Amino acid sequence: MNIQLPATSCTGCSACMNICSVGAITMVEQTDGFLYPQINDEKCIKCGQCMKVCHALGFESFNKPSQCYAAQVNDKDVLRVSTSGGLFYALADSILSEGGAVYACNYDDDYNAFIQRFDALEQIAPVHGSKYVWSDSSLSYPLVKKDLEEGRTVLYTGLPCQTAGLRKYLKKDHENLFTVDILCGGAPSPYAFQRYLETLTDKEGRKNLRFQFRDKEKNGSGVCCTYYINGVKHYENYLENSFYFAFCSKSRISWRKSCYGCNYKSLYRASDMTIGDYWGVEKHHGDFKPKDGVSLILVNTEQGKRLFEKIKGRVKYVMSDAIYAIEKNSLVKEPAEGHHKMPDNRQAFFEELRRSDWDTADRMYLSSRHKILKKQKLTRIPRKLMRMFKK
Ligand SMILES: Cc1cc2nc3c(=O)[nH]c(=O)nc-3n(C[C@H](O)[C@H](O)[C@H](O)COP(=O)(O)OP(=O)(O)OC[C@H]3O[C@@H](n4cnc5c(N)ncnc54)[C@H](O)[C@@H]3O)c2cc1C
Ligand code: SF4
Ligand code: SF4
Ligand code: SF4
């Protein structure tokens, strides 16, 4: 049997590594900073299990949502620190209060994102908010398997490719497993994130750093990155923050290779429930204020319906229509224009980053950011002069 795992479409879920009974697979970091599986031919017994559980080689369990909601968590403090409508907290709260286990993305002390297991609500605070960086799910799958075998209820939340990877790894559905994916446009490189963070602080200083994507304090749920260094809070919009720009501007230079042709940017979903931003909610559901952050919920399976029943008392919600959600969130229709194309200079960007530093790579490969910022500065001066003149 010819054992070959995918290269470009590999999402790094680690199902293959975890299923291999002889430990022939290790996850190895490539130039772009993402982990990819490497097979040790001397150890491999050619059983083919790794290819069987690889969702990138075939995922058969897509579902079209049967229900769609706009929603916000009732707890206003939680809503403030959540990226969208705080649905994740409502879901975690309901499962943990039943004695279940929750899996979600957290940072370690050095801002490496990974999927962690939680079994108490007090542990959930650091999980609030999107971490716009690829997260490592490699340790989580065997833990989920163990929890399920022990009869525990499990809520697994993460990127669509992570929930798909888990389902393939487990090989069958479980009554006590609820999978929730987030709408995902693409995940930036963890190596790029580390090199960017170096511009704010060295590794030692990282413990005193508090970095947050999409802080709602100034801009509502609009785009703003903030970081505290030595107690001083800095605000940056998406143009000012070079890491955010590399992630979400048209350059899309920092994504994982698999993100450009990703099958999960679609209305057909790979999990029981999908949550994301409900952009344009005010047009159809005037009760919701977009600046507070509003969640879109897609209920994709019968299991998803059961999960929604569990959180009804914890959220303000209104039934909606996926057609409305599609209007402003192209991820649930089909990948937005340009999402399929890997930038020609992506590899050169990462090579430069390995050679030099974040600021150099930013100047060389995110030049459009600098051009727009310069233009903005130039138009600001005459505006200032006009104001002075009027006074
Ligand atoms: C890389 C990435 C890209 C995204 N792109 C879009 C998009 O284009 N359009 C859109 O509508 N929504 C997108 N989202 C989802 C959105 O930003 C919110 O995460 C989501 O709506 C949940 O918000 P919340 O208020 O319910 O919970 P929050 O408390 O804000 O988020 C916590 C939830 O997000 C998960 N999470 C956070 N970061 C990660 C990560 N790095 N890896 C895996 N899971 C993570 C946690 O496991 C938990 O389930 C993206 C999220 C990520 C991480
Ligand atoms: S074929 Fe079997 S032994 Fe070889 S790497 Fe895959 S799972 Fe491991
Ligand atoms: S997608 Fe997951 S299972 Fe497939 S090769 Fe990559 S890490 Fe392995
Ligand atoms: S875009 Fe697709 S492949 Fe990339 S992180 Fe999101 S779900 Fe995974």
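In helix α7, the buried residues are Pro190, Tyr191, Ala192, Phe193, Gln194, Arg195, Tyr196 and Leu197. Buried stands for under 20% relative accessible area, exposed for over 50%, and partly exposed for values in between, with a 1.4 Å probe and protein chains only. The helix, residues 190-197, is mostly covered, with 8 of its 8 residues buried. Helices (H or I, at least four residues) and strands (E, at least two) are DSSP runs numbered from the N terminus.

The model is predicted: local features need pLDDT of at least 70, side-chain atom pairs count only at pLDDT 80 or more, and totals for chains, interfaces and linings use all residues. Residues are numbered from 1 along each chain as its sequence is written, chains are lettered from A and ligands numbered from 1 in the order in which they are written, and side-chain values use heavy atoms, leaving out hydrogens and water.

At the start of α7, a side-chain oxygen of Ser189 comes to within 3.1 Å of the backbone nitrogen of Tyr191. Beyond the neighbours within four places in sequence, Ala192 has contacts (heavy atoms within 4.5 Å) with Phe243, Phe350, Leu353 and Trp358.

Leu239 sits in the loop between β10 (232-236) and α9 (242-248). Leu239 has a relative accessibility of 6% and therefore counts as buried. With neighbours within four places in sequence left aside, its contacts are Phe245, Arg369, Ile372, Leu373 and Gln376.

Two C-alpha to C-alpha separations are listed below.

| Pair | Apart in sequence | Apart in space |
|---|---|---|
| Leu239 and Ala325 | 86 residues | 26 Å |
| Ala192 and Leu307 | 115 residues | 36 Å |

Strand β10 also takes part in a hairpin with β9, with 2 residues between the strands; Asn230 in the turn has a positive phi of about 50°. Strand β9 (residues 225-229) runs antiparallel to β10 and is joined to it by 5 bridges. Two strands pair if DSSP finds at least two bridges between them. Tyr228 is opposite Lys233 in β10.

An open sheet is formed by 8 strands in the order β5-β4-β6-β7-β11-β12-β3-β13, with mixed pairing. At the edges stand β5 (113-118) and β13 (315-319), each with a single partner strand, so one side of each has no neighbour in the sheet. From one strand to the next, the twist averages 25°. Strand β4 (residues 101-107) and β5 are antiparallel and joined by 6 bridges; the bridge partner of Asn106 is Phe114 in β5. Helix α4 (residues 87-96) packs on this sheet, touching β3 (67-73), β4, β5, β6 (154-158), β7 (177-182), β11 (273-277), β12 (295-299) and β13, and its direction makes about 140° with that of β4. Axes are lines fitted to C-alpha atoms, for helices over the stretch in contact, and angles run from 0 to 180 degrees between N-to-C directions.

For the ligand shells, a residue is near a molecule if one of its heavy atoms lies within 4 Å of it. Ligand 3 is surrounded by 14 residues, the closest being Cys10, Cys13, Ser14, Cys16 and Cys54. This shell divides into 10 nonpolar, 4 polar and no charged residues. Ala, Val, Leu, Ile, Met, Phe, Trp, Tyr, Cys and Pro count as nonpolar, Asp, Glu, Lys and Arg as charged, and the others, Gly among them, as polar. The shell of ligand 4 includes Thr11, Cys161, Cys184, Cys259, Cys262 and Lys265, and by class it has 7 nonpolar, 4 polar and 1 charged residues.

Technical notes:
Polar contact = N/O pair within 3.5 Å; in protein donor to acceptor, adjacent residues only side chain to side chain.
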